[in-house]
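Reader: I would like to go through the surface and ring features of a model. Please take them one at a time.

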Amino acid sequence: MEKESVGVYKDERYGKYRELLYNYDKDGNFIKDVGYHGEPDRVILQQAWDLFNERIEDARKKVLEGKASPILYYMEKNLLNPMDLSMHAGISLWRVKFHLRPKYFKRLSEKTLNKYAEAFNIPIEQLTKVE
């Protein structure tokens with residue numbers, strides 16, 4: 001049975017970055033297919049990752065200057081926003097926003113620090129410092 005083209009570059013000349021696609025064949029059966037990213041896809045993905053890396057670096061600088069708590073850095077590094085972090089850590093949103101300030105972060109209990117560390121999947125010792 002011959003598969004139909006899915007509109008993604010099938011020729012390796014367009015790039016070596018493969019992508020797993022899910023499709024239907026002519027009989028309506030669900031199949032997996034491999035396509036290749038073209039140059040436009042690669043450029044768009046690279047621009048998105050460059051933006052994320054800029055945000056992470058900005059957060060790191062704010063933490064090192066004492067303008068934000070390490071929670072901001074790890075939140076950006078894990079591509080989370082305050083609402084997502086709130087749900088992952090089991091801490092209310094308004095408390096997460098307060099904890100982004102260094103003044104309030106320094107007062108956190110071991111129990112609260114542990115919740116953040118579990119949400120970021122790091123040890124507590126790493127949470128209190130930024131590389």
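Author: The model is predicted. Strand 1 (18-24) and strand 2 (30-36) each supply at least two residues of a nonpolar patch.

Reader: Which residues make the nonpolar surface patch?

Author: L20, Y22, Y24, F30 and V34 make the patch, which covers about 570 Å². Strand 1 gives the most, with 3 residues. V34 has its place in strand 2. Patch residues need over 30% relative accessible area. V34 has 36% relative accessibility, so V34 counts as partly exposed. Y22, Y24 and F30 also form one aromatic cluster.

Reader: How many aromatic pairs does the rule give?

Author: Rings pair if their centres lie within 6.5 Å. The count comes to 7 aromatic pairs. One of them is Y74 with F120, a tilted pair at 6.0 Å centre to centre and 35° between the planes. This pair links distant parts of the chain, with Y74 in helix 2 (residues 70-77) and F120 in helix 6 (residues 110-120), 46 residues apart.

Reader: Are Y74 and F120 buried or exposed?

Author: Buried means under 20% relative accessible area. Y74 is at 2% relative accessibility and therefore counts as buried; F120, at 4%, also counts as buried.

Reader: Why is the pair of W94 and F98 edge-to-face?

Author: Planes over 60 degrees apart count as edge-to-face. The planes of W94 and F98 are at 90°, with ring centres 5.8 Å apart, so the pair is edge-to-face. Both residues lie in helix 4 (residues 93-99), 4 residues apart, about one turn of the helix. W94 counts as exposed at 56% relative accessibility, while F98 is partly exposed at 32%.

Reader: What lies over the face of F98?

Author: R101 does, at 5.0 Å from the ring centre.

Note on methods:
Residues numbered from 1 in each chain as written. Predicted model: local features only at pLDDT ≥ 70, side-chain atom pairs only at ≥ 80, totals over all residues. Heavy atoms only, no water. Patch = residues over 30% accessible without salt bridge, like charges linked within 9 Å, V, L, I, M, F, W, Y side chains within 5 Å. Areas by Shrake-Rupley, 256 points an atom, 1.4 Å probe, with all protein chains shown as cover. Salt bridge = Lys/Arg side-chain N within 4 Å of Asp/Glu carboxyl O. Buried < 20%, exposed > 50% of the residue type's maximum accessible area, 1.4 Å probe, protein only. Phe/Tyr/Trp six-rings, centres within 6.5 Å; stacked < 30°, edge-to-face > 60°. Lys NZ or Arg CZ within 6 Å of the ring centre and 35° of its normal.
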